[in-house]
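Me: Can you walk me through some side-chain contacts in this model? I'd like to go through it piece by piece.

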Amino acid sequence: MSITSDLIRGHTDTIILAQLSVADSYGYQINKTIQEKTNQGYELKEATLYTAFRRLEETGYICSYWGNETTGARRRYYTITPEGREAYRIQKEEWNNSKKLIDILIQSEPPADESNEKEVM
């Protein structure tokens, strides 16, 4: 199943902060983890990912540093800041509240008490 980008748009920062709340990482690895967790159902475009990294650094939610790999290209790692952890907590709470409301709003069956009222009339 493929996840539409419209559904996820606006939550990119939260997704990245969630990954960095577990461990420091670099762009390719974060995207690979997202793909694995979604069974290849979602992938961040490279431009979207690195734009989000810049935005998150500007807001002070993450910091970056260069790794010291002995083989291959040097990688830029990202780490979440205390401000980023708090932002992630708030964003996750907002997502959970939004999800509850959306679940209520898109139910196809009326609540049990509502169907009983129609039968009585």
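Predicted model: local features only at pLDDT ≥ 70, side-chain atom pairs only at ≥ 80, totals over all residues.

Me: OK, aromatics then. How many aromatic pairs does the count come to?
Reply: The count comes to four aromatic pairs, where rings of Phe, Tyr and Trp (its six-membered ring) pair if their centres lie within 6.5 Å, and planes under 30 degrees apart count as stacked, over 60 as edge-to-face and the rest as tilted. One of them is formed by Tyr 50 and Phe 53, which is edge-to-face, with 5.3 Å from centre to centre and 75 degrees between the planes.

Me: Where do Tyr 50 and Phe 53 lie?
Reply: Both lie in helix H4, which covers residues 46-58, and they are three residues apart, about one turn of the helix. Helices (H or I, at least four residues) and strands (E, at least two) are DSSP runs here, numbered from the N terminus. As background, an α-helix has 3.6 residues a turn, so residues three or four places apart point the same way.

Me: And is Phe 53 buried or exposed?
Reply: Phe 53 counts as buried because its relative accessibility is 1%, and the cut-offs are under 20% relative accessible area for buried, over 50% for exposed and partly exposed in between (1.4 Å probe, protein chains only).

Me: What about Tyr 65 and Tyr 77, how are their rings arranged?
Reply: The ring centres of Tyr 65 and Tyr 77 are 5.7 Å apart and their planes are at 15 degrees, so this pair is stacked. Tyr 65 belongs to strand E2 (residues 62-66) and Tyr 77 to strand E3 (residues 76-80), so the pair ties together parts that are twelve residues apart in sequence. Tyr 65 is partly exposed at 35% relative accessibility, whereas Tyr 77 is buried with a relative accessible area of 17%.

Me: Which residues form one aromatic cluster?
Reply: Tyr 26, Tyr 65 and Tyr 77 form one aromatic cluster.

Me: Switching topic, how many residues of helix H2 are buried?
Reply: Helix H2, residues 12-22, is mostly covered, with eight of its eleven residues buried. Among them are Asp 13, Ile 16, Leu 17 and Leu 20.

Me: What else is Asp 13 in contact with?
Reply: Leaving aside neighbours within four places in sequence, Asp 13 is in contact (heavy atoms within 4.5 Å) with Ala 52, Arg 55, Leu 56 and Gln 91.

Me: How many salt bridges does the count come to, by the way?
Reply: The count comes to three salt bridges. Glu 86 and Arg 89 meet in one of 2.7 Å, N to O, and both residues lie in helix H5 (residues 82-105), three residues apart. Arg 89 also meets Glu 93 in a salt bridge of 3.3 Å, N to O, and Arg 89 and Glu 93 are four residues apart in helix H5, which means they are separated by about one helical turn.

Me: Is Glu 93 buried, exposed or partly exposed?
Reply: Glu 93 counts as partly exposed at 44% relative accessibility. Arg 89 is partly exposed with a relative accessible area of 43%, and Glu 86 is partly exposed with 37%.

Me: Last one, what does Ile 34 touch?
Reply: Not counting residues up to four places away in sequence, Ile 34 touches Ile 15, Gln 19, Tyr 42 and Leu 44. Ile 34 lies in helix H3 (residues 27-37) and counts as buried at 5% relative accessibility. The C-alpha atoms of Ile 34 and Leu 44, ten residues apart along the chain, are separated by 8.0 Å.

Note on methods. Residues numbered from 1 in each chain as written. Heavy atoms only, no water. Salt bridge = Lys/Arg side-chain N within 4 Å of Asp/Glu carboxyl O.
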